[in-house]
Amino acid sequence: MKKLNCFKKLWAVTVSALMLSFLPNACALTASAAEPVTYYLMYSEGDEDWRYQVGSQWDDDAQSTPSYYLHENIKNGDIVIVGNGSSSSLDLNVRLSNLTICNTTGVLAMVSASGGIDNCFFTNDSMASVTGNVGNAYVHGGSTANFNSNVKNLYSYRTNPDVGPTIGVAGTVAYFMAEDDYDNNPPYGTNFAAGSFLMENGDFKTDYAYYTRDVSGGPTSSDTQNTAPASPQPSQPAQQQPAPSGSSSDNEYDKVPKTGETSPVVWLSVTAAVCVSLGMIMRKTSRR
């Protein structure tokens, strides 16, 4: 009788294994990488520190967190929005997928990302000095944008006849294109020498000797997504050029496996076969 009960238990295990093997998605095990987190930062004069809230908008009535905890939590691929300026630099030891500057206080914001920035947005009339190599930079309206490192693809947008962007680049610029509703021949070019790129209030100042006036090859392949992502609200750029295609070989965030597939069906089937065999043997034994 004990052997018969054991046979029944083994048979139940076998049936369960077979049922699991044919369930939808039973043969796929999926692991997802952590989604990018958006941090909105404001400098607090009273605290003498950058403070942040998680999300794409700043809530004056909500509690903010000191930047000390930001440095502990921020990771490669996250998004940062800077809402005001300060003489105190915001230094981030990561690669940002998106940096949006919406600082219109009149005080320059100084932001450094040691791992670089995939996409950098300056909303209308914003001001910042950015350190770290930039894949794609989008400068709108009367913004003041200082780039202290290299920029692969730079786009400027002017929609006011009297106000245009002021842009300076200490490093190189691989590709530049301006969109100007009031200029029949907006500036453009490629291969700008280090420290040569300069635009003041929409007027292009770089001498022809320091760049190539040709963009027929299109934007330079950069460490960004195939299309420029939307800038987080409330800092959505009015117009936006498509970003170049390409992917980074040393992108730590992209190295995290998004999906992985295996086939437990095989193992479950083998287990089922073994259980059936054992069950038959025990059944024969119990009949003797």
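This is a predicted model: local features need pLDDT of at least 70, side-chain atom pairs count only at pLDDT 80 or more; totals for chains, interfaces and linings use all residues.
Strands of a sheet pair through backbone hydrogen bonds, and they can do so in parallel or antiparallel fashion. Here, 7 strands line up as an open sheet with mixed pairing, in the order β5-β7-β9-β11-β13-β16-β17. At the edges sit β5 (90-92) and β17 (203-204), each of which pairs on one side only. Strand β16 (residues 198-200) runs antiparallel to β17, and 2 bridges join them. For Glu200, the bridge partner in β17 is Asp203.

Now for the rings. Across the whole structure, a search turns up 17 aromatic pairs. One of them is Tyr138 with Tyr155, a stacked pair with 5.2 Å from centre to centre and 10° between the planes. Tyr138 belongs to strand β10 (residues 134-140) and Tyr155 to strand β12 (residues 151-158), so this pair ties together parts that are 17 residues apart in sequence. Both Tyr138 and Tyr155 are buried.

Phe192 and Tyr211 stack as well, at 4.6 Å centre to centre with 5° between the planes. This pair also links distant parts of the chain: Phe192 is in strand β15 (residues 188-192), while Tyr211, 19 residues away, is in the loop between β17 and α3 (252-255). Phe192 is buried, and Tyr211 is too.

Finally, a charge meets a ring: Arg213 lies over the face of Tyr188, 4.3 Å from the ring centre.

Note on methods:
Residues are numbered from 1 along each chain as its sequence is written. Side-chain values use heavy atoms; hydrogens and water are left out. Two strands pair if DSSP finds at least two bridges between them. Helices (H or I, at least four residues) and strands (E, at least two) are DSSP runs, numbered from the N terminus. Rings of Phe, Tyr and Trp (its six-membered ring) pair if their centres lie within 6.5 Å; planes under 30 degrees apart count as stacked, over 60 as edge-to-face and the rest as tilted. Buried means under 20% relative accessible area, exposed over 50%, partly exposed in between (1.4 Å probe, protein chains only). A charge sits over a ring if NZ of Lys or CZ of Arg is within 6 Å of the ring centre and within 35 degrees of the ring normal.
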